[in-house]
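Trainee: I would like to go through the labels used for this model and see what each one rests on.
Mentor: Then ask about them in turn, and we will set each value against its definition.

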Amino acid sequence: MPNSLLSTPARRWATGATVATVVVGAAVAGPLIAGADSELPDRTAAELLVDLAGLEVQPFAGTVVQSADVGLPELPSGGTTSLPTAVLSLLNGSSTARIWYTDGDTYRFALQDDQAESDLLRNGQDVWFWSSEAATASHAVLPEDAEDDGGHGPFGGESPFGGESPFGGEGMPEDLPTNIPTEAASLALGLIEPSTQVDVDGTATVAGRAAYELVLRPKDEQSLIGSIRLAIDGETSMPLRVQIVARDAAEPSFEVGFSSVSFDEPDASTYEFTPPPGTTVEEIQPDELGDAAAEHHPRPGVGPDGDLGVEPSDMSVVGSGWSSVFVLRGVDLDALTAGLEGDAAAMADAFLAELQDVSGPYGTGRAMISDLFTVLLLDDGRMLAGAVPLEVLEEAAQDPAAAL
């Protein structure tokens, strides 16, 4: 089955009627006048949006680099792939991943740094998680009668390759790394609404390929985001790069994109895996794959037990659009950091020490302020976050919708 961005949050706007509404409501610009050095034909923003809505992800292999500098204080690295290091790489640092993709049943994702690598690999019914740093691997064999992935893709949840849960609900995790351009583009496109201006801003060369530059600009002056730039491959319509630029800034504060990519089908040998000598291998059941994913691919922003300790009913939203403020209740910062040791604990302590003390009619707490987003951690257990200035969060904290 084809893999389409229609199965992602972009589904909300991907039908023809919705695209037409977005184009009119978002004040899409006229045709692109391609640069003199580009051989790409002229395309309008509306045409690019339709191409993205119908994108069928074809086999590819590439290297993806994610980098961020959101204006937070620089903290020393712990030199490991621990949770705090992963968090910092998303906020003020970089990470590199290699991706090979043939279809929903055949793919490999390798997260790399200077000292270590961790892999997720599926080859038919065989699924592997491997960590070079820990010298451990988890292996599961999916049942022969498991439903075909149906194009649901390697990264679970609302992934760039679609689907609610991969492998027909056979226990594959939905919390795997998703720092790839396709995922970021899907999330960005899900934000399109009448308060967004959409334009085509010339062309670019990304990973050696000619691409159109599609730009989303919030009209909401409260938003800290000035623009989101999507580089769309001129031949395949695959998102090759996503950049987020803070308001009044010239350079992106966050970027994820291919540094190299090929749309040739990866060789079958890519998906053959033999644990290196000295690796401790654990055979697990399909319903244990979520725990294995958390062990080998820790998600930034979650506690040692793999979650925030917050039920979905404890979350609400104040405001709408680009100035939405997300409110979580029952967040225990001490509990989130209790399981950290050594360099990881020291790094977390140093990070928390940089937070700004705040107080007001809403109570007392601490704030993390960056170029792209702000987080307000209140002593009463509420956490408010949004791509807005601190004063917007403080006002939202007094809204009845944010009450305990």
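Mentor: Met315, Val317 and Phe326 make a nonpolar surface patch of about 270 Å². The model is predicted, so local features need pLDDT of at least 70 and side-chain atom pairs count only at pLDDT 80 or more, while totals for chains, interfaces and linings use all residues. Residues are numbered from 1 along each chain as its sequence is written, and side-chain values use heavy atoms, with hydrogens and water left out.

Trainee: Why is phenylalanine 326 called partly exposed?
Mentor: Buried means under 20% relative accessible area, exposed means over 50%, and partly exposed is in between (1.4 Å probe, protein chains only). Phenylalanine 326 is at 41%, so it counts as partly exposed. Its place is in strand β14; strands are DSSP runs of E of at least two residues, helices are runs of H or I of at least four, and both are numbered from the N terminus.

Trainee: Is serine 323 buried or exposed?
Mentor: Serine 323 has 11% relative accessibility and therefore counts as buried. The residue lies in the loop between β13 (315-318) and β14 (325-328).

Trainee: What joins the side chains of serine 323 and aspartate 220?
Mentor: A polar contact of 2.8 Å. The term requires a pair of N or O atoms within 3.5 Å; within protein, one must be able to donate a hydrogen and the other to accept it, and residues adjacent in sequence count only if both atoms are side-chain atoms. The side chain of serine 323 also reaches the backbone oxygen of serine 320 at 3.3 Å.

Trainee: How do you know that arginine 229 forms a salt bridge with aspartate 201?
Mentor: A salt bridge needs a side-chain nitrogen of Lys or Arg within 4 Å of a carboxyl oxygen of Asp or Glu. For arginine 229 and aspartate 201, the closest N and O atoms are 2.9 Å apart, and the pair qualifies. Arginine 229 is in strand β9 (residues 225-233) and aspartate 201 in strand β7 (residues 196-206), so the bridge ties together parts 28 residues apart in sequence.

Trainee: With which glutamate does arginine 229 form a salt bridge?
Mentor: With glutamate 213, the closest N and O atoms being 3.5 Å apart. This pair links strand β9 to strand β8, 16 residues apart. Glutamate 213 counts as buried because its relative accessibility is 7%. Asp201, Glu213, Arg229 and Arg241 are linked in a network of salt bridges.

Trainee: How many salt bridges does a search of the whole structure find?
Mentor: The search finds 11. Another of the pairs is arginine 209 with aspartate 233, at 2.6 Å from N to O.

Terms used:
Patch = residues over 30% accessible without salt bridge, like charges linked within 9 Å, V, L, I, M, F, W, Y side chains within 5 Å. Areas by Shrake-Rupley, 256 points an atom, 1.4 Å probe, with all protein chains shown as cover.
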